[in-house]
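Colleague: I would like a close look at one part of this model. Please take me through the pocket and the charged pairs around it.

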Amino acid sequence: MGHRNEGTASAENEATDRLQRVTQAMARLKVDALPRNYELFHEALFGHDPALARDVTSLAPNPPQHVLDRIGLAYRLTGHCGLIEEKSCVEAARVLSGAAEEMSAAIREKQTFVGAMETLLRAIREDRDRGVEDLLTDVDFLQSSAAELLRSESRAEQALKAGLDRLDAAERATRAAKAAILRDRLTGLPNRIAFANRLESLYESGALPRGTALLIADIDGFAAVNRDYGTEAGNRILKRLAAILRKSIKKNDFVARIGADEFAFLFADVDDAAARTIAGRIHDSVENGLVFATADGEDNGALGLSIGIALSDDAESAQHLTARAEQALAAAKVDPRAPIACFAPGVAGRRAA
């Protein structure tokens with residue numbers, strides 16, 4: 001219990017220190033204390049994207065909010081991607097307002113034309129002695145009114161078409177932003193949010209899902225790689241690993257990056273034996289394909305991968321299933337010679353055969 005409390009206190013202290021550093025960095029540049037700005041500076045200070053860090057550290061004092069938002073959107077930060085939907089709603093309101101104004105103008109022109117027609121017909125009925133010149137003058141006026149009516153309706157049609165085009169572009173941008181929110185920026189894999197959504201969907205019917213295996217994998221010693229060789233080296237490893245993992249699964253399977261060096265898999269219609277076979281295949285493909293070499297060309301050998309497995313058959317919720325897989329992963333990391341562990345009810349972790 002003492003060790004656990006010490007670990008919790010250490011994590012809390014680290015979180016407090018990070019928040020203070022983010023706040024200080026924003027205060028130095030006089031950046032507004034908006035949630036999305038905190039996210040931007042946190043990613044710049046503690047993320048693993050050197051390009052994002054450079055863009056933020058190169059900002060001059062008092063940066064305009066639109067500049068900060070442009071950076072956040074460029075790197076697909078969740079808080080900033082939400083702005084796309086907000087802007088889309090504003091754009092839709094603007095388009096509809098403009099189209100309504102043009103349509104109102106066209107209606108007024110039509111009403112004017114109809115009124116002129118009624119006036120002319122009434123005059124003809126009431127004054128049968130009107131001369132040809134008077135009739136020609138009235139016809140010219142009607143012709144001019146009709147031409148203006150056509151121009152007004154044409155403007156309304158063009159405004160409506162342009163508005164629909166803008167709405168279509170805004171909708172595409174919104175869809176792209178929503179997709180970006182669910183995508184890991186570094187590896188291109190689905191992220192933790194996408195994984196959580198996918199896992200929760202298994203339990204939407206209210207019945208326990210059957211035959212689904214959750215695998216959580218972790219790169220052994222990854223923190224040491226970042227510490228000894230820098231985050232850029234770590235990022236190259238993660239990108240390479242993502243490419244290997246994509247090739248290790250089938251079309252209907254699912255893999256996501258859910259942590260710095262942690263990945264989650266979902267496989268449908270599998271039992272315990274099949275899940276262990278799949279985990280072994282993934283482990284072998286990583287062990288054979290993920291060779292770590294430093295910038296000077298020195299080969300540091302293959303990086304290891306630990307995998308925890310849990311089956312959905314008696315897991316009562318998405319959180320329950322995840323906890324079981326995490327527990328199995330913890331067991332797998334104990335012994336590098338047996339890096340795959342399966343969860344079994346009543347057992348902390350069971351080694352894969």
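**The pocket and its charged pairs**

Modeller: Start with E43, which is partly exposed, at a relative accessible area of 22%. Keep in mind that this is a predicted model. E43 pairs with R185 in a salt bridge, with 3.0 Å from N to O. The pair ties together parts that are 142 residues apart in sequence, because E43 sits in helix α2 and R185 in the loop between α6 and α7. R185 is partly exposed too, with a relative accessible area of 27%. In general, side chains of opposite charge can pair when their charged atoms come close.

Now the pocket. Both E43 and R185 are among the lining residues nearest the centre of the largest pocket, along with D184, N191 and R257. That pocket has a volume of about 670 Å³. Its lining counts 25 residues. They divide into 10 charged, 9 nonpolar and 6 polar. Helix α2 (35-46) is one of the elements that supply at least two lining residues each, as are α6 and α7 (192-201). The largest share comes from α2, with 4 residues.

Stay with α2 for a second pair. The side chains of R36 and D69 meet in a salt bridge, 2.8 Å from N to O. This pair links distant parts of the chain: R36 in helix α2 and D69 in helix α4, 33 residues apart. The two ends differ in cover. R36 counts as partly exposed because its relative accessibility is 22%, and the cut-off for buried is under 20%. D69 is buried, at 8%.

After α4 comes R76, whose phi is positive, near 55°.

Further along the chain there are other pairs. The count comes to 9 salt bridges. One of them joins R324 and D314, whose closest N and O atoms are 2.8 Å apart. R324 lies in helix α11 (residues 318-332) and D314 in the loop between β6 (305-311) and α11, so this pair ties together parts that are 10 residues apart in sequence. Here the arginine R324 is buried, with a relative accessible area of 11%. D314 is partly exposed, at 36%. Elsewhere, D218, D220 and K333 are linked in a network of salt bridges.

Terms used:
Residues are numbered from 1 along each chain as its sequence is written. This is a predicted model: local features need pLDDT of at least 70, side-chain atom pairs count only at pLDDT 80 or more; totals for chains, interfaces and linings use all residues. Side-chain values use heavy atoms; hydrogens and water are left out. On a 1 Å grid over the protein atoms alone, a cavity is a set of points where a 1.4 Å probe fits but cannot get out, and a pocket is an open set with protein on both sides within 12 Å along at least five of seven lines; lining residues have an atom within 4 Å of a point. Grid points are joined across faces, edges and corners, and a volume is the space filled by probe spheres set on the points. Ala, Val, Leu, Ile, Met, Phe, Trp, Tyr, Cys and Pro count as nonpolar, Asp, Glu, Lys and Arg as charged, and the others, Gly among them, as polar. A salt bridge is a side-chain nitrogen of Lys or Arg within 4 Å of a carboxyl oxygen of Asp or Glu. Buried means under 20% relative accessible area, exposed over 50%, partly exposed in between (1.4 Å probe, protein chains only).
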